[in-house]
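The sequence and structure are shown first.

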Amino acid sequence: MAFYHATPAANLSAILAEGLEPRIGARSRMIGEEEPAIYLFDALPLLEDAIGGWLGDAYEEAGIPEVALLEITLSPELEARLMQDGFSHSCPVPIPATAIRHLRSEPIES
């Protein structure tokens, strides 16, 4: 099963080379999250809806001009580590670069 993730486009080259690391980012700190994680959406339309709404607003407020949309294909072992959170999942362990594909980048519009 494929999962989907958005990140500032400025992070893309490092992610494609090194993969994704669980972190507590600025937005996660604001809402009180305590465990580092990578957040993944179940379907591309869900991610696109988030970018058109709350997630895009958060990127815009942070001054991020462009976002990269990623498709993540996990091994069964990594997929078993995911924690369900409504229509999304959190991954508490690193995701290797080999599991990540850049779908496209798009501007964050105000």
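**Briefing**

The side chains of Glu71 and Tyr4 are joined by a polar contact of 3.3 Å (a pair of N or O atoms within 3.5 Å; within protein, one must be able to donate a hydrogen and the other to accept it, and residues adjacent in sequence count only if both atoms are side-chain atoms). The model is predicted: local features need pLDDT of at least 70, side-chain atom pairs count only at pLDDT 80 or more, and totals for chains, interfaces and linings use all residues. Residues are numbered from 1 along each chain as its sequence is written, and side-chain values use heavy atoms, with hydrogens and water left out.

**Glu71**

- Glu71 sits in strand β3 (residues 66–73).
- With a relative accessibility of 16%, Glu71 counts as buried (under 20% relative accessible area; exposed is over 50% and partly exposed in between, with a 1.4 Å probe and protein chains only).
- Beyond its neighbours within four places in sequence, Glu71 is in contact with Ala2, Phe3, Tyr4, Ala99, Ile100, Arg101 and Leu103 (contact means heavy atoms within 4.5 Å).

**Arg81**

- Arg81 belongs to the loop between α5 (76–79) and β4 (83–85).
- Its relative accessible area is 46%, so Arg81 is partly exposed.
- Apart from neighbours within four places in sequence, Arg81 is in contact with Ser90, Pro92 and Val93.
- From C-alpha to C-alpha, Arg81 and Ile51 are 25 Å apart in space, and they are 30 residues apart in sequence.

**Fold and dimensions**

- The protein chain contains five helices and six strands (DSSP runs numbered from the N terminus: helices are H or I with at least four residues, strands E with at least two).
- Starting at the N terminus, the order of elements is β-α-α-β-α-α-β-α-β-β-β.
- The radius of gyration of the protein chain is 13 Å, which agrees with the value near 13 Å for a compact globule of 110 residues (taken over C-alpha atoms; the globule rule is 2.2 Å times the number of residues to the power 0.38).
- The C-alpha trace spans about 40 × 30 × 25 Å along its principal axes.
- Of contacts between residues at least 6 apart in sequence, 79% join residues at least 24 apart.

**Surface and charge**

- Buried residues make up 39% of the 110 in the protein chain.
- The accessible surface is about 6300 Å², and 53% of this belongs to carbon and sulfur atoms (Shrake-Rupley method, 1.4 Å probe).
- There are 6 positive and 18 negative side chains, and the centres of the two sets lie 5 Å apart (Lys and Arg count as positive, Asp and Glu as negative; His and the chain ends are not counted). The place of a charge is NZ of Lys, CZ of Arg, CG of Asp or CD of Glu.
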